[in-house]
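Here is a short briefing to read alongside the model. Please keep the viewer open as you go through the topics.

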Amino acid sequence: MYLKVWSSALLLAASYSSAWAQTLSHTLDNGLKIIVREDQRAPVVVTQLWYKVGSVDEETGKTGLSHVLEHMMFKGTPNIPSGEYAKRISALGGSLNAYTNRDETVYYQTIASQHLPEVLKMEADRMVNLSFSNADYVNELEVVKEERRLRTDDSPSGRLFETLYETAFVTSGNRSPIIGSMSDLGKMTGDDAKAWYRKWYAPNHATLVIVGDVDAKKTIQNVQQTFGDIHANTFTPPTLPQEPIQTQTRHAQTSAPSEVPMVALAYQVPHLKTLDERLPYALDTLANVLDGNAASRLEKNLVRGQPIALSVGANYSLLSRSDELFILSGAPAQNIDVTTLINALKQEIKKIATDGVDEAELTRIRTQREASEIYAKDAITAQASLLGNLESKGFSYQDEDAIRQKLNNVTAQEVQQAAQYLTDDKLTQVILQPESLSSKGAAQ
């Protein structure tokens, strides 16, 4: 419930022809940005309210605040008692959830379109009237702690990537675990969460995205009537601190209950800040060359080929508010040590840096993107997520086509240059050693 990662795969998957839909946008006087896209093939609508706050905005000693507040947002207002929010959505035949990540916190519902006005009223109500009963806060804090135990403390991949971000970054926000450190959660109070709510949860820090069986003009009018009287706040978000340039390889080790060791290699790289940059598009394409399906290089060469790895992957997020990493990760195959896997991962990068990629690989990637676009025309949730993601990261929903085109225009030479950019002075290397699963069980 606390983490979702968005990349250009989502961006490309959510392409939607203007022949199918009208998309309108409007900003209220209080700063709330509204984006409405019509999709009238089924009597259903998705709403997503994006607050532009996540773990990168948190301070040292207060990690996890955004995620804890996400939990509290379901605990009612004076108008809707604790626990009633979800019950009312379910009674209307709808579904709901939320997630927190590094860059934003998002609340979403899927509902029959005739119930949209009621859902909007409830969303506006909890934007300003959230209750902070001590009993609810204490209960939810324990839920978050248990979630941390499950997702991080007892999870090999969770432990690996938490250590990776703590090692790869110097600035506090980037180092912060999304779910919060256990020590910070133990010191956190209801007043901390309430102050965070008052600071960030306001219309001028939010984007409301609505996609589905609606009339766009009438829906904007409805939102105006529902949210228009909510006051903007005066808080101006500070500029996120820029990560110092890394000059040498960083190393770290951790451990967790696991049957096998794991490794992660992360290179400090830029994300997309303006539409005309070239390197971020090339890095995204490089990630697709390395990972994505059975024909990708890592799967073909290291899992099915030699084999060196049980599993392996590459990840890069084109769109981000904060500093970004290009990550390779995996678990070695039986009788293969972690050093061998690390060298093999580096070698895959070196091959592309030296020899480049062929047009057949780029054609495969473009074909996959086109197929994803076609499938996603049936997914109103994917459409809404794209619109919100673009706006949250400082772009406009109208930039969708331009970004897609630039991704598809990436050349083989640019992919080779992206691989050449991934040098050891930008690298953070983390190894997770397995702890005995039996000793973990005995300790419990």
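Tyr267 has Leu427 in E11 as its bridge partner. This is a predicted model, in which local features need pLDDT of at least 70 and side-chain atom pairs count only at pLDDT 80 or more, while totals for chains, interfaces and linings use all residues. Residues are numbered from 1 along each chain as its sequence is written, and side-chain values use heavy atoms, with hydrogens and water left out. Helices (H or I, at least four residues) and strands (E, at least two) are DSSP runs, numbered from the N terminus.

**The sheet around E8 and E11**

- Strand E11 (residues 427-435) and E8 run antiparallel and are joined by 6 bridges; two strands count as paired if DSSP finds at least two bridges between them.
- These strands belong to an open sheet of 5 strands with mixed pairing, in the order E7-E11-E8-E10-E9.
- At the edges are strand E7 (250-257) and strand E9 (309-315), each of which pairs on one side only.
- On average, neighbouring strands here are turned by 15 degrees against each other, direction ignored; axes are lines fitted to C-alpha atoms, for helices over the stretch in contact, and angles run from 0 to 180 degrees between N-to-C directions.

**The sheet around E5**

- Another open sheet has 6 strands, ordered E1-E2-E6-E3-E5-E4, and its pairing is mixed.
- Strand E1 (23-27) and strand E4 (95-100) each have a single partner strand, so one side of each is left without a neighbour in the sheet.
- Neighbouring strands of this sheet are turned by 10 degrees against each other on average, direction ignored.
- E4 pairs with strand E5 (residues 105-112) in the antiparallel sense over 6 bridges, and the two form a hairpin with 4 residues between them.
- Within this pair, Ala98 stands opposite Tyr107 and Thr100 stands opposite Thr105.
- E5 also pairs with E3, antiparallel over 8 bridges, and there Thr105 of E5 faces Tyr51.

**A helix pair**

- Helix H13 (residues 338-355) and helix H17 (residues 412-421) pack with their axes 8 Å apart, at an angle of about 130 degrees.
- H13 and H17 are therefore oblique to each other (under 35 degrees counts as roughly parallel, over 145 as roughly antiparallel, 65 to 115 as roughly perpendicular and the rest as oblique).
- H13 passes H17 in a left-handed crossing, meaning that the near helix is turned anticlockwise from the far one by less than a right angle.

**The largest pocket**

- The largest pocket has a volume of about 890 Å³; a pocket is an open set of points on a 1 Å grid over the protein atoms alone, with protein on both sides within 12 Å along at least five of seven lines.
- Its lining has 44 residues, with Leu240, His271, Ser320, Arg321 and Ser322 nearest the centre.
- Elements giving two or more residues to this lining include strand E3 (44-51), strand E6 (206-212), strand E8 (262-269) and helix H15 (380-392).
- By class, the pocket lining has 16 nonpolar, 16 polar and 12 charged residues (Ala, Val, Leu, Ile, Met, Phe, Trp, Tyr, Cys and Pro count as nonpolar, Asp, Glu, Lys and Arg as charged, and the others, Gly among them, as polar).

**The cavity**

- The structure holds 1 cavity of 30 Å³ or more, where a cavity is a set of grid points at which a 1.4 Å probe fits but cannot get out.
- The largest cavity has a volume of about 50 Å³, a volume being the space filled by probe spheres set on the points.
- Residues lining the largest cavity (an atom within 4 Å of a point) include Met73, Phe74, Tyr85, Asp125 and Arg126.
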